[in-house]
Amino acid sequence: MTYPEKSRSRAWFLLPILFGIIGGVAAFLFLRKDDAYKAKICLCIGLIMMVAGIALNIWIYESISGFDSGFNVNI
């Protein structure tokens, strides 16, 4: 079953940018019947933001050099 294509606002791209994969899935579910192309792009942006967030967390964790010291606790 085909749905007529409606043009949606570009503001929908903010949802996956701000909320990652959850925002991408939400935007996909809202846009899939009206603008399928924009829905797929929102889902891809959500996946990219999720991977970028994970990579950033790993990079920050690796760059901090205080986790191996035992936090200098004297018992």
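Trainee: How many aromatic pairs does a search of the whole structure find?

Mentor: The search finds 1 aromatic pair, and Trp12 and Phe30 form that pair. This is a predicted model, in which local features need pLDDT of at least 70 and side-chain atom pairs count only at pLDDT 80 or more, while totals for chains, interfaces and linings use all residues. Residues are numbered from 1 along each chain as its sequence is written, and side-chain values use heavy atoms, with hydrogens and water left out.

Trainee: What makes Trp12 and Phe30 a tilted pair?

Mentor: Rings of Phe, Tyr and Trp (its six-membered ring) pair if their centres lie within 6.5 Å, and planes under 30 degrees apart count as stacked, over 60 as edge-to-face and the rest as tilted. The two centres are 5.7 Å apart with 40° between the planes, so Trp12 and Phe30 are a pair, and a tilted one.

Trainee: Why is Phe30 called exposed, and why is Trp12 called partly exposed?

Mentor: Buried means under 20% relative accessible area, exposed over 50%, and partly exposed in between (1.4 Å probe, protein chains only). Phe30 has 54%, so Phe30 is exposed, whereas Trp12 has 23% and therefore counts as partly exposed.

Trainee: Why is Asp34 called buried?

Mentor: Asp34 has a relative accessible area of 15%, which falls under the 20% limit, so Asp34 is buried.

Trainee: How do you know that the side chains of Asp34 and Arg8 form a polar contact?

Mentor: A polar contact is a pair of N or O atoms within 3.5 Å; within protein, one must be able to donate a hydrogen and the other to accept it, and residues adjacent in sequence count only if both atoms are side-chain atoms. The contact between the side chains of Asp34 and Arg8 is 2.3 Å, so the distance is within that limit.
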